[in-house]
Amino acid sequence: MVLAAASSGSGKTTVAALLCRALRARGLHVQPFKLGPDYLDPTHLTRAAGREARNLDSFLLGRQRLRELFARAAAQADVSVLEGVMGLFDGRDPTTDEHSTADLALLLDAPVVLVLDAGGSARTVAAVACGLRDFRAELRVAGVILNRVAGAGHAALCEAALDQVGLPVLGWVARDEGLHLPERHLGLLSAEQAAWDEAAADRAAEGLRLDALLKAIHAPALPDAPAPAQAGTPVRVALAHDEAFHFSYPDALDELGAQGAELIRFSPLRDAALPAGVGGVLLPGGYPEAHAHELSANVSMRESIRSFAAAGGAVLAECGGLMYLGESLDVDGQDVPMCGVIPYRTRMPPRLTLGYRDATALRNTLVAPAGTQVRGHEFHHSVLTHAPTRPAWAWTAHDGTVTEEGYAHGNVLASYLHLHLGADPALAARFLDACRAVTA
């Protein structure tokens, strides 16, 4: 089932996690997915389902690759719960449904369950649901789950209105502060940082009509799961993973593993040095600005990473990883020293940069030769304090503005661009070849 809404903030993540939790309690194996490039919502779905959530993004992955990766994960479960992104029809372009939740539901031939915020309304809920259902006739809207309901009486009023337009209520979730998930400037806090009250989740589950929900979904026709990648010579790769760095796609890590990478997790916050014998380092995005002083205080780790890069080690850093590799990070007007691997300083202005990017490699990089086109996305508050030197990528905005971004030199690639190494096996293969050359 695809859970969709009229807009962001309607409670999709809460309802999706509640469903995963309730279905799991029935003894079902539940595979959660998150539509779009989001790194944070999947952590809540993972905890609720007891199975790692996967990202499905038709822009980053491409349509066929998305279907293949979905099939591989869904084949291992009894039921798949797909949490949509933004409103049902919101994608990259306001004039089309491309890369929207609706687009993905049609691509997978999956029924849509609408999650509607019923707070302060009753009959109007039916009008919103009817509009969403009828905006694109080929979508199959199976029913509605009402969120932020005042109680059973309120739910009954909404259900009577929805009955007039032929849409069944498949459950309702009462307004409950115990279900509130706090946010930070990049979205919800991760499941490791914030959780709802378990008693509130138990209460909410009582309003879910699981029997009706399970009858409303079906097994779509899907391609065979992709054949495993041809594994190369094993190579150890250090993966930063702690409170400061944890924005990684499971399918990308799986692709690296399938091609021979032994991923060794380490903490730039707490470990004294990089793991021994690694040929490469992955520094994913995260929240280095929230842990800047602790990262800076771990001088031995900063020196270990700087020495590794200086010796020709392969270092791939995205967003938060770029900030950490730089010379310093401005925190409340204070320059906090970072690794000093790349000649960038970053600061945190009160604005957000986000969007999908069709990028071209300006020079040879760890993941792609010069001239290669890749797809990625940006989502960050930090900015560089000066124009980039040795930029890695270039892309053109809708208004014709060309942006050059990142840093690529030798065996170091650092950028605000989040790539999906599971989208194209060639990206992972080139990185691992560089790692193997280091340890040869």
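Which side chains meet in a salt bridge at 2.6 Å, N to O? Select arginine 54 and aspartate 254: their side chains form that bridge. Keep in mind throughout that this is a predicted model.

**Stop 1: the bridge and its network**

Stay on this pair. Arginine 54 sits in strand β3 (residues 54-56) and aspartate 254 in helix α10 (residues 250-258), so the bridge ties together parts that are 200 residues apart in sequence. Now colour by accessibility. Arginine 54 has a relative accessible area of 15%, so it is buried. Aspartate 254 is at 35%, so it counts as partly exposed.

**Stop 2: two more bridges**

The structure holds 23 salt bridges. Select arginine 209 and glutamate 159 for another one, 2.9 Å from N to O. This pair also links distant parts of the chain: arginine 209 is in the loop between α8 (198-205) and α9 (210-215), and glutamate 159 is in helix α7, 50 residues apart. Arginine 209 is partly exposed, at 31% relative accessible area. Glutamate 159 is partly exposed too, with 28% relative accessibility.

Salt bridges that share partners join Arg54, Arg72, Asp251 and Asp254 into one network.

Next, pick aspartate 134 and arginine 133. Their side chains meet in a salt bridge of 2.9 Å, N to O. Aspartate 134 is partly exposed at 44% relative accessibility. Arginine 133 is partly exposed as well, with a relative accessible area of 21%.

**Stop 3: the largest nonpolar core**

Which residues touch the most other members of the largest nonpolar core? Select Leu82, Leu88, Val112, Leu114, Leu146 and Leu162. The core has 41 residues. Several elements each supply at least two of its residues, among them β1 (2-4), β2 (30-35), α4 (63-74), β5 (112-117) and α7 (152-164).

Centre the view on leucine 82. Show its contacts, skipping neighbours within four places in sequence. Met1, Val2 and Leu3 are among them.

A second, separate core has 38 residues. To find it, select some of its members: Ala361, Ala368, Ala392 and Ala428.

**Stop 4: leucine 256**

Return to helix α10 and pick leucine 256, which lies in it. Is this residue buried or exposed? Leucine 256 is buried, with a relative accessible area of 2%. Leaving out residues up to four places away in sequence, leucine 256 touches Ala261, Leu263, Leu282, Leu421, Ala428, Phe431 and Leu432.

Now draw a distance from leucine 256 to phenylalanine 89. The two C-alpha atoms are separated by 33 Å, and the residues are 167 apart along the chain.

**Stop 5: aromatic rings**

The structure holds eight aromatic pairs. Select phenylalanine 33 and phenylalanine 70. Their ring centres are 4.8 Å apart and their planes lie at 45°, so the pair is tilted. Phenylalanine 33 is in strand β2 and phenylalanine 70 in helix α4, 37 residues apart. Phenylalanine 33 is buried at 0% relative accessibility. Phenylalanine 70 is buried at 5%.

Move to phenylalanine 59 and tyrosine 356. This aromatic pair is tilted, with 4.4 Å centre to centre and 35° between the planes. The pair links distant parts of the chain: phenylalanine 59 is in helix α3 (residues 58-61) and tyrosine 356 in strand β19 (residues 353-361), 297 residues apart. Phenylalanine 59 is buried, with a relative accessible area of 1%. Tyrosine 356 is also buried, at 19%.

Then select Tyr39, Phe247, Tyr249 and Tyr287 together. They form one aromatic cluster.

**Stop 6**

Most residues other than glycine have a negative phi. Which way does methionine 86 go, positive or negative? Its phi is positive, near 50°. Find methionine 86 in the loop between β4 (79-83) and α5. Methionine 86 is partly exposed, at 36% relative accessibility.

End at arginine 390. Its phi is also positive, about 50°, although it is not a glycine. Arginine 390 lies in the loop between β21 (383-384) and β22 (393-396). At 42% relative accessibility, arginine 390 is partly exposed.

Note on methods
Residues numbered from 1 in each chain as written. Predicted model: local features only at pLDDT ≥ 70, side-chain atom pairs only at ≥ 80, totals over all residues. Heavy atoms only, no water. Core = buried A, V, L, I, M, F, W, Y, C linked by side-chain atoms within 4.5 Å. Buried < 20%, exposed > 50% of the residue type's maximum accessible area, 1.4 Å probe, protein only. Helix = DSSP H or I, 4+ residues; strand = E, 2+ residues; numbered from the N terminus. Contact = heavy atoms within 4.5 Å. Salt bridge = Lys/Arg side-chain N within 4 Å of Asp/Glu carboxyl O. Phe/Tyr/Trp six-rings, centres within 6.5 Å; stacked < 30°, edge-to-face > 60°.
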